[in-house]
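These are my notebook entries on one structure. I set down what I looked up and what I found.

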There are 2 protein chains.
Amino acid sequence: MRSDSDLSTPARIRDAALARFGTDGFAATSVRTIASDAGVSPALILHHFGSKDGLREACDGHVFAFFQRTAGRAGQSQTREHMITDEAMTLLRYLMRQASEDSAWANTMVAQVIEMTKEGLAARTERGDIRPTADPDMRAALLVMLRLGPLLFSGAIERATGADVLTADGLQRMYSTILEILRTGIYTVPHPDVEEDPFELGRYLGSDPGPTDHDSRLTTGGRN
Amino acid sequence: MRSDSDLSTPARIRDAALARFGTDGFAATSVRTIASDAGVSPALILHHFGSKDGLREACDGHVFAFFQRTAGRAGQSQTREHMITDEAMTLLRYLMRQASEDSAWANTMVAQVIEMTKEGLAARTERGDIRPTADPDMRAALLVMLRLGPLLFSGAIERATGADVLTADGLQRMYSTILEILRTGIYTVPHPDVEEDPFELGRYLGSDPGPTDHDSRLTTGGRN
DNA sequence: GCGATCACTGAACATTCGTTTAGTCTACTA
DNA sequence: TAGTAGACTAAACGAATGTTCAGTGATCGC
């Protein structure tokens with residue numbers, strides 16, 4: 001295990017940026033915040049990376065390089081361990097955050113992940129392990145979303161389930177349930193009546209959690 | 001169909017804010033942008049809502065009121081239509097965006113959606129329609145994520161599948177595939193060997209899509 | 001007609017933002 | 001040992017941010 005101080009200064013800055021961009025988003029994170037996290041001056045960041053955008057590109061590059069590296073070890077893993085390391089989780093979260101903010105690079109990257117997932121599923125379908133589907137692209141996309149999307153909603157998921165999916169324990173619990181769903185689905189029969197669908201949005205909302213008086217302003221009009 | 005000009009000015013401002021906050025996020029959206037969208041001066045927004053935060057609370061309240069209203073019509077829908085209206089989609093996207101930005105209100109709201117989904121699933125499990133599960137909370141959370149999470153990743157999904165999940169057609173295609181997964185899962189046998197899991201992250205990444213020179217800065221050092 | 005009220009705006013406010021500049025300190029090289 | 005290069009910072013820059021303020025014009029009750 002390397003400690004933060006073992007890293008070069010640019011790498012320390014980049015890691016601080018990755019964490020902040022991943023949790024708070026690009027626009028909501030200031031250069032000064034990253035500088036403070038990394039223990040350097042704001043000017044040094046621009047000295048090394050040219051601009052805030054340049055820093056983001058360095059983050060993109062680091063994410064790509066990391067997965068490029070781990071991709072080389074794919075299929076050679078000796079363990080049954082599917083767990084994500086803390087480092088990979090930070091990078092995946094950054095990637096998904098960037099995609100949610102519609103970064104062209106991140107969108108293409110996620111699309112590639114979906115593509116490779118589709119290919120993996122197709123290969124196993126040919127071998128008979130995986131069911132064929134009417135829409136392989138969409139199925140692969142949804143499976144990637146199911147696995148990586150929750151990284152951006154850890155707060156809501158924790159409130160609902162008590163599990164923090166950003167920790168190893170919570171992630172394990174999530175993966176178990178994902179596998180359960182992918183094994184048998186959720187219906188007892190393959191062709192259920194979906195009319196009474198549990199996702200009908202109308203029945204979704206309960207009591208208002210907020211401290212706000214909400215729409216009242218729209219009727220009382222202004223405040224002067 | 002009402003047009004924008006039929007709405008009161010505060011409502012028009014609020015709708016512009018909902019759209020912008022939902023697509024770009026709260027921090028990345030300026031009061032001036034919303035004012036321009038709504039065709040008013042920035043000062044008027046603060047006249048009606050007090051602050052940018054007050055405007056967000058009004059958005060929260062509107063989202064809550066909308067679903068509170070449609071919840072009253074739950075189970076009474078005469079059609080088999082599970083489609084989301086454009087308005088509901090905008091509001092759901094706003095809600096998920098807020099949750100992804102860790103808004104306490106949105107997190108609680110999404111947690112409530114998960115809770116009600118869990119209750120719906122439990123009731124149907126008792127009737128024998130839905131399989132029991134070892135982790136009802138997590139399953140409900142994942143189903144909600146599967147359905148609503150993609151609203152924040154429409155760009156990546158479109159790049160991978162060609163379907164824009166923010167339109168009725170794309171959404172229909174997504175829902176069909178979700179139902180397919182929930183009917184039978186993806187495995188041909190209920191207890192597959194998950195060691196060779198299609199989600200293993202190592203095999204995920206292909207060629208770099210970016211125009212960036214990436215990590216090179218970290219080794220060449222600075223730019224001066 | 002008159003005062004009050006309220007929707008609404010232009011201009012300015014203070015703060016924060018990303019960025020630039022000038023300069024210090026350290027380390028290596030000739 | 002003089003000189004150069006690069007890591008690094010304090011201070012300031014202009015632009016953008018959220019917000020305030022003074023004021024205009026219309027509407028309404030009296």
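**Entry 1: Chain A as a whole.** Before counting elements, I noted that helices are DSSP runs of H or I with at least four residues, while strands are runs of E with at least two. The model I consulted is predicted. On that basis I recorded 10 helices and 0 strands in chain A. Read from the N terminus, the elements of chain A follow the order α-α-α-α-α-α-α-α-α-α. I then looked up burial: of the 224 residues in chain A, 44% are buried. I also looked up the contacts in chain A with a separation of 6 or more, and 51% of them join residues 24 or more positions apart.

**Entry 2: The nonpolar core.** Which residues have the most contacts inside the largest nonpolar core? I found A:Leu95, A:Val110, A:Ala141, B:Leu95, B:Val110 and B:Ala141. This core has 106 residues. I noted the general background that nonpolar side chains tend to be buried together in soluble globular proteins. I then followed B:Val110. With neighbours within four places in sequence left aside, B:Val110 is in contact with A:Phe153, A:Ala156, B:Leu95 and B:Ala99.

**Entry 3: Helix α8 of chain A against helix α6 of chain B.** I looked up how α8(A), residues 154-161, meets α6(B), residues 104-127. Their axes come within 8 Å and cross at roughly 50°. An angle of this kind makes α8(A) oblique to α6(B). The crossing of the two helices is right-handed. On the α8(A) side I listed A:Gly155, A:Ala156, A:Arg159 and A:Ala160; on the α6(B) side the partners include B:Val110 and B:Ile114. The residues of the contact of α8(A) with α6(B) divide into 5 nonpolar, 3 polar and 2 charged.

**Entry 4: Helix α8 of chain B.** Is α8(B) largely enclosed or largely open? I found that 7 of its 8 residues are buried, so α8(B) is largely enclosed by the rest of the structure. The buried residues are B:Ser154, B:Gly155, B:Ala156, B:Ile157, B:Arg159, B:Ala160 and B:Thr161. They pack against α5 (86-100), α6 (104-127) and α7 (136-148) of chain A. Just after α8(B), I noted B:Gly162, with a positive phi of about 80°.

**Entry 5: Helix α7 of chain A against helix α9 of chain B.** I next took α7(A) and α9(B), the latter spanning residues 168-184. Their axes are 9 Å apart, and the helices pack at an angle of about 75°. The two helices are therefore roughly perpendicular to each other. From α7(A), the contact uses A:Met138, A:Arg139 and A:Leu142; from α9(B), it uses B:Arg173, B:Met174, B:Thr177, B:Ile178 and B:Ile181. These residues divide into 5 nonpolar, 1 polar and 2 charged.

**Entry 6: Two single residues.** Last, I looked up B:Ile34, found in helix α2 (residues 31-38) of chain B. B:Ile34 counts as buried because 23 C-beta neighbours lie inside 10 Å, and the cut-off for burial is 20 or more. Residues up to four places away not counted, B:Ile34 touches B:Ile13, B:Ala16, B:Ala17, B:Arg20, B:Thr29 and B:Ile45. I then turned to A:Phe66, which lies in helix α4 (residues 52-72) of chain A. From A:Phe66 to A:His47, 19 residues apart in sequence, I recorded 24 Å between C-alpha atoms.

Technical notes:
Residues numbered from 1 in each chain as written. Chains lettered and ligands numbered in written order. Predicted model: local features only at pLDDT ≥ 70, side-chain atom pairs only at ≥ 80, totals over all residues. Core = buried A, V, L, I, M, F, W, Y, C linked by C-beta atoms within 7 Å. Buried ≥ 20, exposed ≤ 12 C-beta atoms within 10 Å, placed from the backbone. Contact = placed C-beta atoms within 7 Å. Axes fitted to C-alpha atoms, helices over the stretch in contact; angles between N-to-C directions. Parallel < 35°, antiparallel > 145°, perpendicular 65-115°, else oblique. Left-handed = near helix turned anticlockwise from the far one by under 90°. Nonpolar A, V, L, I, M, F, W, Y, C, P; charged D, E, K, R; others polar.
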